[in-house]
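Please open the structure in your viewer and keep the selection tool at hand.

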Amino acid sequence: MRATGIVRRIDDLGRIVIPKEIRRTMHIRESDPMEIFTDKEGQVILNKYSHIGEMTTFAKQYAESVAQVSGHMALICDREQFIAAAGGSKQLLNQEISAGLEEKMDQRELFISSRGDRGFTYICSDMTLDYVHEIIAPIICQGDVIGCVVLLESDTRKKMGETELKLAQSAAVFLGRQMEE
């Protein structure tokens, strides 16, 4: 563990404030859920909770099915990283999402684009995958955006259209509903 040199006191209600610098570094926003753990040495560990992270195994199977049916690369991410990848995009698994992808999710809209288009977004901070077409479908659970489904295509001749858009949308809606149960 890394020492920060920051000391905080617990208030009379048992609360402690996480310093702004740490919240900014860890991308922790107001109302983000946090998991609290303790270890054998008595340390308290805070972990940013991912709603969709609970479904990692299911999400991987779902991404594989979407990739197989569509013939495109399929990814599923939470608000921080890619939790499932299939169809030639597995190197992005556990990679941090880009600020641009986070902005697209916050817009709560389906998004389809090709490289060169005004709204084209690189989905990963450390881009190791080359692609020319993308579809982004936000996953909404109980009114909150908890992640997104992404379809990618690297072949310039295989432009995605309405069918792929509907496939990504139905995957996102399905995953959002699964999280509500």
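Two strands pair if DSSP finds at least two bridges between them; helices (H or I, at least four residues) and strands (E, at least two) are DSSP runs, numbered from the N terminus. The model is predicted, so local features need pLDDT of at least 70 and side-chain atom pairs count only at pLDDT 80 or more, while totals for chains, interfaces and linings use all residues. Residues are numbered from 1 along each chain as its sequence is written, and side-chain values use heavy atoms, with hydrogens and water left out.

**The sheet.** Select residues 133–141 (β6) and 144–153 (β7): nine bridges join these antiparallel strands. Within this pair, Cys141 has Asp144 of β7 as its bridge partner. Now widen the selection to the open sheet of five strands, which is ordered β4-β3-β7-β6-β5 with antiparallel pairing. At its edges are β4 (82–86) and β5 (111–114), each of which pairs on one side only.

**A helix across the strands.** Select residues 99–106, helix α3, which lies across β3, β4, β5, β6 and β7 and runs at about 120 degrees to β7. Such angles run from 0 to 180 degrees between N-to-C directions, and the axes are lines fitted to C-alpha atoms, for helices over the stretch in contact (heavy atoms within 4.5 Å).

**A residue in β6.** Select Glu134, which lies in strand β6. Is Glu134 buried or exposed? Glu134 is buried (under 20% relative accessible area, 1.4 Å probe, protein chains only). Next, select Thr121: its backbone nitrogen lies 2.8 Å from a polar atom of the Glu134 side chain. Finally, show the residues in contact with Glu134 beyond four places in sequence, among them Phe111, Leu151 and Met160.

Key:
Buried < 20%, exposed > 50% of the residue type's maximum accessible area, 1.4 Å probe, protein only. Lys, Arg positive; Asp, Glu negative; His and termini not counted. Salt bridge = Lys/Arg side-chain N within 4 Å of Asp/Glu carboxyl O. Polar contact = N/O pair within 3.5 Å; in protein donor to acceptor, adjacent residues only side chain to side chain.
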